[in-house]
Amino acid sequence: MNIVEQHTILHTGTVRDALVKLDQLAYDAILFVVDEEKKLIGSMTDGDLRRGFIRGLGFDDHLIDFIQPSPKFIFERDYNLDKLDLFRNNHFKIVPILNEEKAIVDILNFRTRTTLIPADAVLMAGGEGKRLRPLTEKTPKPLLKVGDKPIIEYNIERLKKVGIKNVNLSINYLGDQLIDYFGDGKDRNLNIQYVKEEKPLGTIGSILLVDHFSHDDIIVMNSDLLTNIDFADFFQTYKKTDADMAVATTSYHVDVPYAVLEVNESNTVKSLKEKPRYTYYSNAGIYILKRDLLKMIPENQFFDITDLMDRILEMNLKLVTYPINGYWLDVGKHEDFKKAQEDIKHIKL
């Protein structure tokens with residue numbers, strides 16, 4: 001039973017049916033009463049039923065007589081993260097999401113999903129992981145376990161927590177194992193699709209194999225990363241800067257063990273820095289981009305995401321960076337994999 005079925009009841013149902021479902025929902029006990037087309041009519045909690053009984057209603061009365069007739073809701077195409085923050089800050093715990101016909105298509109539970117980012121996701125999961133052999137001889141790198149679950153599962157769960165429902169996996173090497181593991185995603189309340197490269201297409205070329213995107217923005221990331229990046233803040237930064245593309249970055253420090261002299265063209269010393277530290281920002285393998293940018297990617301050709309970034313800069317479009325302030329690790333080598341096994345004991349992903 002998916003989350004919509006769990007939280008809805010037909011207006012023709014009985015009071016006993018409602019009590020059974022509310023009892024099953026436990027901590028999340030709220031029902032949304034709908035008609036045969038799943039259009040929202042009202043909401044109902046244990047308290048609404050109790051108040052109805054106090055008013056003299058009984059088990060044979062209609063559910064309509066117990067409901068709150070004007071519950072709060074969100075239209076799936078008419079919300080932003082600020083509006084969702086307002087709901088959360090006003091202590092709404094569970095809110096139905098409606099389509100244009102006012103039928104319930106999803107349920108936002110702030111306990112399990114912190115927000116709803118209006119974007120699709122593409123995870124690149126087709127690499128052979130040669131540097132991690134022999135671990136990857138029979139297992140694709142994204143399915144190598146860190147702690148008690150595969151690397152890629154941490155990323156999919158983190159995307160799900162911020163409301164991403166449409167997840168596309170770009171697969172190749174041992175890709176059938178990923179299909180067997182995740183299936184269509186329905187048991188996770190996700191829609192997981194797969195695209196397979198027939199030949200290497202680079203770090204972004206395979207995105208053109210995706211048949212359909214539901215949103216105007218796309219989150220693209222490597223599947224073999226361990227990170228607790230704040231996707232909501234990343235997306236907000238991307239939107240508020242009116243960027244065409246945003247790239248997450250991780251800091252990289254270079255400590256020079258000597259005094260560094262800054263000189264001009266005539267070799268005159270202008271300044272002296274004793275053992276300075278220089279900070280650079282490296283590509284962290286996580287991006288948000290406008291769907292329209294896909295037109296810039298050549299079909300059926302090898303094309304890296306850095307090639308796309310070059311084209312964006314050449315066309316004077318807006319490319320912004322987003323420094324990751326939390327944890328990030330690219331699990332590419334054996335020492336990284338070993339580090340991940342220790343780190344997972346102490347960080348929250």
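## Report on a predicted chain

Leu174 counts as partly exposed because its relative accessibility is 29%; with a 1.4 Å probe and protein chains only, buried means under 20% relative accessible area, exposed over 50%, and partly exposed in between. The model is predicted, so local features need pLDDT of at least 70 and side-chain atom pairs count only at pLDDT 80 or more, while totals for chains, interfaces and linings use all residues. Residues are numbered from 1 along each chain as its sequence is written, and side-chain values use heavy atoms, with hydrogens and water left out.

### Overall

The protein chain has 9 helices and 19 strands; these are DSSP runs numbered from the N terminus, with helices being H or I of at least four residues and strands E of at least two. Of its 349 residues, 46% are buried. The C-alpha trace spans about 95 × 50 × 40 Å along its principal axes. Taking contacts (heavy atoms within 4.5 Å) between residues at least 6 apart in sequence, 66% join residues at least 24 apart.

### Backbone exceptions

Most residues other than glycine have a negative phi, and most peptide bonds are trans. Leu174 has a positive phi, near 55°, and sits in the loop between strand 10 (166–171) and helix 6 (175–182). Lys102 also has a positive phi, near 65°; its place is the loop between strand 5 (94–98) and strand 6 (104–109). Lys102 counts as partly exposed because its relative accessibility is 44%. The peptide bond joining Arg133 and Pro134 is cis, with omega about 10°. Pro134 belongs to the loop between strand 7 and strand 8 (145–146).

An open sheet is formed by 3 strands in the order 1-2-3, with mixed pairing; two strands pair if DSSP finds at least two bridges between them. Its edge strands, strand 1 (8–10) and strand 3 (40–44), each pair on one side only. From one strand to the next the twist averages 30°. Strand 1 pairs with strand 2 (residues 31–34) in the parallel sense over 3 bridges, and Thr8 has Phe32 in strand 2 as its bridge partner. Helix 2 (residues 15–25) lies across strand 1, strand 2 and strand 3, at about 145° to strand 2. Axes are lines fitted to C-alpha atoms, for helices over the stretch in contact, and angles run from 0 to 180 degrees between N-to-C directions.

Val34 is part of strand 2. Val34 counts as buried because its relative accessible area is 4%. Leaving aside residues up to four places away in sequence, Val34 touches Thr8, Ile9, Leu10, His11, Lys39, Leu40, Ile41 and Ile104. Between the C-alpha atoms of Val34 and Ala103, which are 69 residues apart along the chain, the separation is 8.1 Å.

### Strands 14 and 18

Strand 14 (residues 245–255) and strand 18 run parallel and are joined by 5 bridges. Opposite Val320 of strand 18 stands Ala246.

### Pockets

Rolling a probe the size of a water molecule over the atoms shows where empty space is left. Here a 1 Å grid over the protein atoms alone is used: a cavity is a set of points where a 1.4 Å probe fits but cannot get out, a pocket is an open set with protein on both sides within 12 Å along at least five of seven lines, and lining residues have an atom within 4 Å of a point. Grid points are joined across faces, edges and corners, and a volume is the space filled by probe spheres set on the points.

| Largest pocket | about 770 Å³ | 35 residues | 13 nonpolar, 14 polar, 8 charged residues |

The largest pocket holds about 770 Å³ of space. Met124, Gly127, Thr203, Asn222 and Asp224 are the lining residues closest to its centre. Two or more lining residues come from each of strand 7 (120–125), strand 17 (277–290), helix 8 (305–314) and strand 19 (328–330). Strand 17 gives the largest share, 4 residues.

Technical notes:
Nonpolar A, V, L, I, M, F, W, Y, C, P; charged D, E, K, R; others polar.
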